[in-house]
Amino acid sequence: GGVGVNYVLRTLPLGGYVSFPKAREEDDEKDSGQPTNRVNARPGKVARAKDESQSVRCKIDPNDPTLFENKPFAQQALVVCAGIIFNLILSWMCIFGGAVSVGVPPPQPISIARVLDGTPAEAAGFRVGDKLIAINERAVTDYSDPMRGALGSIRKAVSAHAPFTATVER
């Protein structure tokens, strides 16, 4: 990095930042009367390190076109948004990478948890613990959401007053 630019790299890629020098930071030192402990240089000032023997003399011209604050607003916005966008991309890559490396479990048949007395399900012979394998010969695991797919097939048949077949496993 350039003079006065602080980079931070963390073990976890969360909370990293880049700190750009600001030419106007000279006012901070004048107001407090205390020298700064940052390595960021101020125009015409000596940046003080924790150990006085490590002081570095750097000058930052407030009119320097490479300073962040002197860049056009669009470039400043791009720099600020780049970090946010990278964090979003990284999180999606982690999720996708986990799904690819570990895998996504395949859809499971629907287990019947309860059969109410006097319902068509009881009359058809469904029992608690049965696994619904298919409706009208279409496997419930063919649907991306087996429960929603099975219910949709049943509702469609019921609304048309048409019979349907259900394949169960005991």
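Residues are described here as buried when their relative accessible area is under 20%, exposed when it is over 50%, and partly exposed in between, with a 1.4 Å probe and protein chains only. The structure is a predicted model, in which local features need pLDDT of at least 70 and side-chain atom pairs count only at pLDDT 80 or more, while totals for chains, interfaces and linings use all residues. Residues are numbered from 1 along each chain as its sequence is written, and side-chain values use heavy atoms, with hydrogens and water left out.

The structure holds two salt bridges, a salt bridge being a side-chain nitrogen of Lys or Arg within 4 Å of a carboxyl oxygen of Asp or Glu. In one of them, R148 is paired with D145, and the closest N and O atoms are 3.9 Å apart; R148 counts as exposed because its relative accessibility is 63%, whereas D145, at 34%, counts as partly exposed. The side chains of R170 and D130 also meet in a salt bridge, with an N to O distance of 2.9 Å. Since R170 lies in the segment after β8 and D130 in the loop between α3 (120-124) and β6, this pair ties together parts that are 40 residues apart in sequence. R170 is exposed at 60% relative accessibility, but D130 is buried at 2%.

Helices (H or I, at least four residues) and strands (E, at least two) are DSSP runs, numbered from the N terminus, and two strands are taken to pair if DSSP finds at least two bridges between them. Strand β6 (residues 131-135) runs antiparallel to strand β5 (residues 110-111), to which it is joined by two bridges, and S111 stands opposite K131 of β6. With strand β8 (residues 166-169), β6 pairs in the antiparallel sense over four bridges, L132 having V168 of β8 as its bridge partner. Two further antiparallel bridges link β6 to strand β7 (residues 138-139), where R138 is the bridge partner of I135. β6 and β7 form a hairpin with two residues between them, and N136 in the turn has a positive phi of about 50°.

An unreviewed UniProt entry places the feature "transmembrane region" at residues 77-104; UniProt positions are given in the numbering used here, feature names are shortened, and annotations may be inferred rather than shown by experiment. This span is 93% helix and 0% strand, and its end C-alpha atoms lie 38 Å apart. I95 lies in helix α2 (residues 73-102) and is exposed, with a relative accessible area of 53%.
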